[in-house]
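Hello,

Here is the structure to look through. My notes follow below it.

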Amino acid sequence: MRQRNPAIKSTSRLMITCILVAILVIAYLGQSTTAGAADNVCIDCHGKLPGKYGEPVKLWQGSIHAANGVACNACHGGDPKDAANAMSPDRGFLGVPKEKDIPAFCGRCHVGVLKDYLASLHGKALGKGGPTCVTCHGNHKVVKASLELINEKSCSLCHSFKQEEIIKGVMAKTESRILAIDAGIAAFKQKGIDTDRLEKGLFAVRNSFHSLFHTVDVARVEMESARIGAELQKLDDLLKGFDAVQRQRRLIGAFAVAGALLFALLFWLLRKTYGRL
Amino acid sequence: MGLFKRLTDWIDFRIGVRRIVAKELTGYLLPANINAWYSMGSILLFIFAMQVMTGCLLLIYYVPDADKAFKSVTVIMNDVPFGWLIRMCHAVGSNMMVLVLLFHMLSVLFMGSYKRPRELNWLSGFILFNLVMATSLTGYLLPWSQLSFWATTVATNSVSSIPVIGQYLVEFLRGGKLVGPPTLGRFYALHVAVIPIAIASLVGAHLFLLKRTGVSTPPFGLKESANQWQGDDYRYEDHPGGIPFFPNYALQDAVSVALYLTFFLTVVFFDPYLFFTRESFIAADPFQTPAHIKPEWYFLANYQTLKIFSNEFIGLSVQGMAMTCLALLPFIDRGRERHPLKRPLFMTAAIGGILLWVGLSIWGHYS
C-alpha cells in the first residue's frame with residue numbers, strides 16, 4: 001500500500017477539524033439567530049398567562065419590534081431558551097424599568113434618538129412629569145416612528161397642540177418631498193441609472209430629518225427644515241437632470257425610428273421601380 | 001465617373017469582379033413567386049452582425065470578475081458615452097434574434113422548405129437556433145445582477161434531475177456546487193468566444209447548403225406544389241425566368257431590414273425595460289433570493305413544463321422528445337406536398353404545437 005505523506009495527513013486532519021468546527025459554529029449561529037422570536041420561552045409562558053402577565057405578548061405581536069424579530073429578551077434581558085432561569089438576574093434579566101430609566105432603557109439600541117430626546121424639552125422634563133418614550137410610542141405595542149405620533153390626542157395630555165401643529169405641518173411638507181424623491185430614485189434605478197450618490201444623499205437627509213422628530217422648538221424645526229429643503233432641492237435637481245436626459249434620448253429615438261421608417265419606404269419605392277417580386 | 005470606371009476596370013481585369021457580380025448577384029435568379037418571408041434570413045444576418053459589433057464594444061469596458069462585473073455594467077450604462085445605447089441594443093437585440101429566428105423557422109415549416117433535399121439546411125438551422133438560445137442564456141449571467149444570478153441558478157439546477165450524471169453536470173456547468181465566480185468565467189468564455197464562433201461557422205455552413213441546394217420555391221400560387229425531387233441524384237433548384245437577387249430581392253431585404261430596425265429602435269428608445277425586471281439593476285446577492293425569478297420569455301414554456309410535472313426528469317424528457325421530433329422533422333414528415341393547406345395533419349400538429357407553446361409561456365409568466 002502506498003504510504004501517505006505525514007504532512008498531508010496532518011493537513012487533512014486540520015482541515016477536517018476546521019470544517020467540523022465551522023459546521024458547529026454555523027449551526028450555533030443559526031440557532032441563536034432564529035431564537036429571536038421562535039422557540040422563545042418568554043413568549044411561550046407569558047402568551048398562555050391571563051391578564052397583565054399575558055397582555056404584553058399580545059401587544060408585542062402587533063409591534064414594529066415583532067415585525068423586525070426583536071423579542072422580549074432584546075429589551076428585558078434574561079435567557080429566552082431556558083425556562084427555569086429565563087428571568088434570572090444572573091442571565092442578564094432587567095425586568096421592568098422605572099419611569100425615569102425608560103429613555104436609557106430604549107436608548108441602548110436607539111442611541112441617536114436618546115441624544116435627541118435628552119436635548120429636547122421633553123427630555124429635560126424627565127422625572128418631572130415629562131413624557132418618556134412609551135408616552136408617545138407605546139410600550140410593547142411599539143409603533144413605527146412617523147409624523148402620525150404627533151397628534152392632538154397625545155400632545156394634549158400635557159399641553160396644547162398649537163405649537164406641535166405648526167411643527168407637524170412643516171415636517172409633513174419635508175416628509176412628502178422625501179417620499180417623492182425616494183420614489184423618483186427607485187424609478188430611475190429600475191432603468192439602470194446609477195442612483196448610488198442620490199441614495200446616499202437621501203439617506204443623510206432623512207437622518208437629519210429624523211433627528212427633528214424629538215424637537216419641540218418651532219424655530220429650530222423651521223430652520224432645520226429649510227436647510228433640509230435645500231438639500232432635497234439639490235437631489236430633486238439631479239432627478240430632473242436624469243429626466244431631461246431621458247426626454248432627450250426619446251427625442252433622438254423618435255428621429256432614429258422615423259429615419260429607419262423613411263429608409264424602409266425609400267427601399268420599397270425603389271423595389272417597386274424594378275417591377276416584379 | 002471616369003476615374004471610377006478606370007478603377008473598376010483595373011480590379012475587374014485582375015480578378016473578374018464583373019463576372020462574379022453577374023453570376024452571384026444580377027444573374028442569381030430567385031423563384032418568381034418569392035415572398036417577403038424569405039428575407040428573414042437576411043434580417044437574422046443583420047442582427048447577428050449587430051450583436052457581434054455591440055458585443056465587441058461592450059467588451060472594452062465590461063470586467064468579467066464577479067466583484068467588478070455589476071459595477072462595470074453600471075459604468076457602461078451611466079458613464080461611457082452612448083454606453084446605455086450599446087448595452088440596450090445588445091440586450092434588446094438578443095431578444096429580437098430569438099423572435100426573428102422563430103419567425104424564420106415558422107416560415108420554413110409552413111412552406112415545407114425543410115423537406116428533402118434540404119434536410120441538412122433544416123438541421124443546421126435547428127442547431128443554430130439552439131446555439132442562439134445558449135448564447136442568450138450565457139449572456140444573461142454576465143451583468144451579475146440578482147436576475148442574472150438567480151435565473152442562472154434555476155436554469156442550471158434543472159439539469160440536476162438527470163439521473164446519475166445530473167449533479168456532476170450541474171457542477172461542471174457552474175464550476176462548483178453553487179453559481180459563483182467560476183460560473184461567470186465559464187459563461188463569459190462561452191458567450192464571447194465559443195458560441196459566437198460556432199454560430200458564425202454554422203451560418204457559413206447554412207449559407208453553403210442554401211447555395212448548393214438552391215432557394216426553395218414557395219408553394220403558393222402554383223398549380224403543382226408537391227416536391228418534384230426524386231432523390232436519385234444531386235439537383236440544384238434553379239429558377240429560369242425568376243427574379244434577380246440584385247437589385248430586386250436585395251431591395252426587398254433592405255425593406256425588411258429597415259422595417260426591423262424601425263421596430264427594434266422603437267423598443268430600444270421607448271421601452272427597452274420590456275426585457276428587464278427590478279432585479280436586473282440590483283447587484284447579485286447569493287444570500288438573498290428574490291421572491292419571483294422568471295426566465296426570459298423564450299424559456300417560459302420550458303420553465304412551466306418543468307413545473308407541471310412532479311418529477312423534473314420527466315419534464316426534461318418531454319422537452320427533449322419535443323426538440324428531437326422538431327430536429328428530425330424532415331425525416332419524419334416525408335410527404336411530397338408542401339402547401340400548408342394541403343397538409344391537414346401537419347397544420348393541426350403545427351398550430352397545436354404553437355398554441356401549446358404560447359399557452360405554456362403565458363402560464364409560466366403568471367404562475
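Start with one helix in chain A. The buried residues of H13(A) pack against helix H11 (162–189) and helix H12 (196–210) of chain A, together with helix H10 (245–270) of chain B. Buried means that 20 or more other C-beta atoms, placed from the backbone, lie within 10 Å of the residue's own. Helices are DSSP runs of H or I, at least four residues, numbered from the N terminus; strands are runs of E, at least two.

This is a predicted model: local features need pLDDT of at least 70, side-chain atom pairs count only at pLDDT 80 or more, and totals for chains, interfaces and linings use all residues. Residues are numbered from 1 along each chain as its sequence is written, while chains are lettered from A and ligands numbered from 1 in the order in which they are written.

Back to H13(A). Among its buried residues are A:Val221, A:Leu232 and A:Phe267. H13(A) is followed by A:Gly275, whose phi is positive, near 80°.

Now the interface. 22 residues of chain A are in contact with 23 residues of chain B. Contact means C-beta atoms, placed from the backbone, within 7 Å. Helix H13 (residues 218–273) of chain A gives the largest share of chain A's side, 13 residues.

Last, chain B. Its secondary structure comes to 14 helices and two strands. Of its 367 residues, 34% count as buried. The C-alpha trace of chain B spans about 65 × 60 × 35 Å along its principal axes.

Best wishes

Definitions and conventions
A residue is buried if 20 or more other C-beta atoms lie within 10 Å of its own, exposed if 12 or fewer, and partly exposed in between; C-beta atoms are placed from the backbone. Two residues are in contact if their C-beta atoms, placed from the backbone, lie within 7 Å.
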